[in-house]
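Subject: Structure for you to look at

Hello,

Here is the structure I said I would pass on. My notes on the sheets, the helices and the record annotations follow below it.

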Amino acid sequence: MTPWNLLALTPLPPDALRGLLAPLGDRVTLSFARDRAAMEAALPQAEIVLGDWSASLAMDAAAVAAAPRLAFVQQPSVGVDGHDLAALSAAGVPLANTAGVSAVAVAEWCLGAALTLSRRLVAADAAVRAGGWPQLDLGPRELSGSHVGVVGYGPIGQECARLFGALGCRVSHWTRTPRGEGYAPLEDVVATADVLVVVIALSDETRGLIDPARMKQGALLVNAARGGVVDQRALAAALREGHLGGAALDVFDTEPLPPYDPLRDLASVLLSPHVAGVTPQSTGRLVASVVGNLTAAVEEKKIENVVNDAPARIRRRDGSGK
């Protein structure tokens with residue numbers, strides 16, 4: 001069988017990527033691109049694209065139009081930021097992500113972040129390092145017994161609900177497709193939660209979804225979704241004015257967080273460099289998911305976790321778009 005042309009956009013050294021994709025053997029030939037010009041030069045011959053988890057490069061409408069042989073896009077992350085799902089669907093090209101591989105890691109980060117905020121651990125650490133001993137001044141509170149609202153109820157949201165529920169929290173959730181015990185309207189979840197955990201995918205529908213001004217006075221916000229889901233300017237204002245009790249953020253509008261960003265100056269914010277889902281265990285699951293899907297693709301078997309309106313089995317194209 002003629003090898004499939006696989007274009008890798010991932011920010012990994014070629015030798016490392018060759019090692020990860022070794023199970024595919026001689027069923028693929030690899031090419032690499034780390035900038036737009038190189039990607040555009042390679043697209044006319046690309047049959048399979050392995051995406052870029054940093055979203056620096058993506059299959060937007062122009063890229064899809066420039067790839068007449070394209071049959072499959074595998075994104076090595078849960079988020080599919082930048083890819084034009086409509087253009088891919090119109091071309092009959094399935095786009096798959098790695099749904100579920102980081103659910104445990106992200107949910108654990110959300111729980112740890114909520115505990116850190118509620119028990120004021122960062123402030124306590126800073127005070128002790130500075131020579132203080134503020135046993136009566138920090139105002140910590142227990143998480144158990146509080147109302148935790150989860151926005152998003154995919155694998156991560158469900159694992160968040162399980163972990164917070166096991167700690168004795170009352171958990172409600174909102175998702176775009178109503179399902180699961182504890183579902184409630186978004187307005188109710190946002191307005192009544194003592195801790196609001198945001199783990200929903202970013203899309204045109206969810207951009208700016210969470211307005212911190214509508215949250216309960218003194219509530220805590222934990223965002224491990226994407227920066228654009230929460231109105232970041234409004235969040236900074238709500239924290240500065242004391243409307244919220246604190247926030248833990250693993251994601252931002254611009255990453256890395258710019259040096260001038262006002263969030264850097266707010267002591268009530270826990271800042272994290274988009275690592276909630278990065279553990280050795282989740283990385284192992286991600287690699288297995290990607291290699292498994294690529295193997296299924298070249299063997300013309302069913303692909304898992306297709307996120308757009310396209311067939312879950314790929315077929316080779318002749319370069320005419322057919």
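**The six-stranded sheet**

Six strands make an open sheet in the order β7-β6-β8-β9-β10-β11, and their pairing is parallel. The model is predicted: local features need pLDDT of at least 70 and side-chain atom pairs count only at pLDDT 80 or more, while totals for chains, interfaces and linings use all residues. Residues are numbered from 1 along each chain as its sequence is written, and side-chain values use heavy atoms, with hydrogens and water left out.

Two strands pair if DSSP finds at least two bridges between them. Helices (H or I, at least four residues) and strands (E, at least two) are DSSP runs numbered from the N terminus.

At the edges of this sheet are β7 (170-174) and β11 (269-271), each of which pairs on one side only. Strands β9 (residues 220-223) and β10 (residues 246-249) pair in the parallel sense over four bridges, and Leu220 has Gly246 in β10 as its bridge partner. Helix α5 packs on the sheet and touches β8 (195-198), β9, β10 and β11, its direction making about 155 degrees with that of β9. Helix α9 (residues 232-240) also packs there, touching β9, β10 and β11, at about 145 degrees to the direction of β10. Contact here means heavy atoms within 4.5 Å; axes are lines fitted to C-alpha atoms, for helices over the stretch in contact, and angles run from 0 to 180 degrees between N-to-C directions.

**Helices α5 and α7**

The axes of α5 (residues 103-118) and α7 (residues 155-166) come within 8 Å and cross at roughly 45 degrees. The contact includes Ala103 and Leu111 of α5 and Ile156 and Phe164 of α7.

**The five-stranded sheet**

Another open sheet has five strands in the order β2-β1-β3-β4-β5, with parallel pairing. Strands β2 (28-32) and β5 (95-96) each have a single partner strand, so one side of each is left without a neighbour in the sheet. Strand β1 (residues 4-8) pairs with β3 (residues 48-50) in the parallel sense over three bridges, and Ala8 stands opposite Leu50 in β3. Helix α10 (residues 280-298) lies across β1, β2, β3, β4 (72-74) and β5, at about 170 degrees to β4.

**From the record**

UniProt (unreviewed entry) places "domain: D-isomer specific 2-hydroxyacid dehydrogenase NAD-binding" at residues 112-276. Over residues 112-276 the chain is 27% helix and 15% strand. UniProt positions are given in the numbering used here, feature names are shortened, and annotations may be inferred rather than shown by experiment.

Regards
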